[in-house]
Amino acid sequence: KSGLYFFKTRDDRFILKQMSRFEFKSFTEFAPNYFKYIKQCLENDTKTLLGKIVGVFKVGFKSESTKTGLKMDLLIMENLFYNKGVEKSYDLKGSVRNRLTLTEGKNEATQVLLDENLLRGSCESPLYVNASDKDLLMEAINRDTAFLAMQYMMDY
């Protein structure tokens, strides 16, 4: 919807996301605290659900044939689906308003599903999580959201 570009590396390991000027400026202010937090999680073997960002780069190129150029800010992050057999993927926002992907007659494995798809699907096929995994998940969510709140960040 934003009109910004997404790319994947040839080996599928990383995702490159074009950033708006506002996102770039916001991230450069947030980055030192983000990298410090991720480093602490790694050093302390603490679970986090935050995506692993490699860095942010300004990239520019010019076509020799047309002499036109293009500049963009790119965020490079791990591809969470790298080497994984993903059957379904969801883009969850925590709302059901306009959050349904129509799947009838389509292959769900190639579609990005939304919040209402998850709610409908969980009635037919519940997602079971054992108690210890649920505890780890909840601890990570609480820790990550506390960190993001201290940074005045809402997007998780």
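These legends accompany several close-up views of a predicted model. Local features are reported at pLDDT of at least 70 and side-chain atom pairs at pLDDT 80 or more, while totals for chains, interfaces and linings use all residues. Residues are numbered from 1 along each chain as its sequence is written, and side-chain values use heavy atoms, with hydrogens and water left out.

**View 1. Helix 1 from end to end.** Let us start with helix 1, which runs over residues 21-43; helices here are DSSP runs of H or I with at least four residues, strands are E runs of at least two, and both are numbered from the N terminus. Its 23 residues reach 32 Å from the first C-alpha to the last. That is close to the 33 Å expected at 1.5 Å a residue, where the expected span is 1.5 Å times one less than the number of residues. Look for the kink of about 50° at Phe30, shortly before the proline Pro32; the bend is the angle between axes fitted to the seven residues ending at a position and the seven starting there. Just after the helix, Asp45 takes a positive phi of about 55°.

**View 2. The buried residues of helix 1.** Phe24, Phe27, Phe30, Ala31, Tyr34, Tyr37, Ile38 and Cys41 are the buried residues of this helix. Buried means under 20% relative accessible area, exposed means over 50%, and partly exposed lies in between (1.4 Å probe, protein chains only). An α-helix has 3.6 residues a turn, so residues three or four places apart point the same way. The cover over the buried residues of helix 1 includes strand 2 (14-19), strand 3, strand 4 and helix 3 (131-150), with contact taken as heavy atoms within 4.5 Å.

View 3. Asp73 sits in strand 4 (residues 69-78) and Lys58 in strand 3 (residues 53-62), so the pair ties together parts 15 residues apart in sequence. Asp73 is buried at 11% relative accessibility, whereas Lys58 is exposed at 60%.

**View 4. Asp115 and Arg99, a buried pair.** The closest N and O atoms of this salt bridge are 2.9 Å apart. Asp115 belongs to helix 2 (residues 115-124) and Arg99 to the loop between strand 5 (89-90) and strand 6 (112-113), so the pair ties together parts 16 residues apart in sequence. Both Asp115 and Arg99 are buried.

Conventions. Salt bridge = Lys/Arg side-chain N within 4 Å of Asp/Glu carboxyl O.
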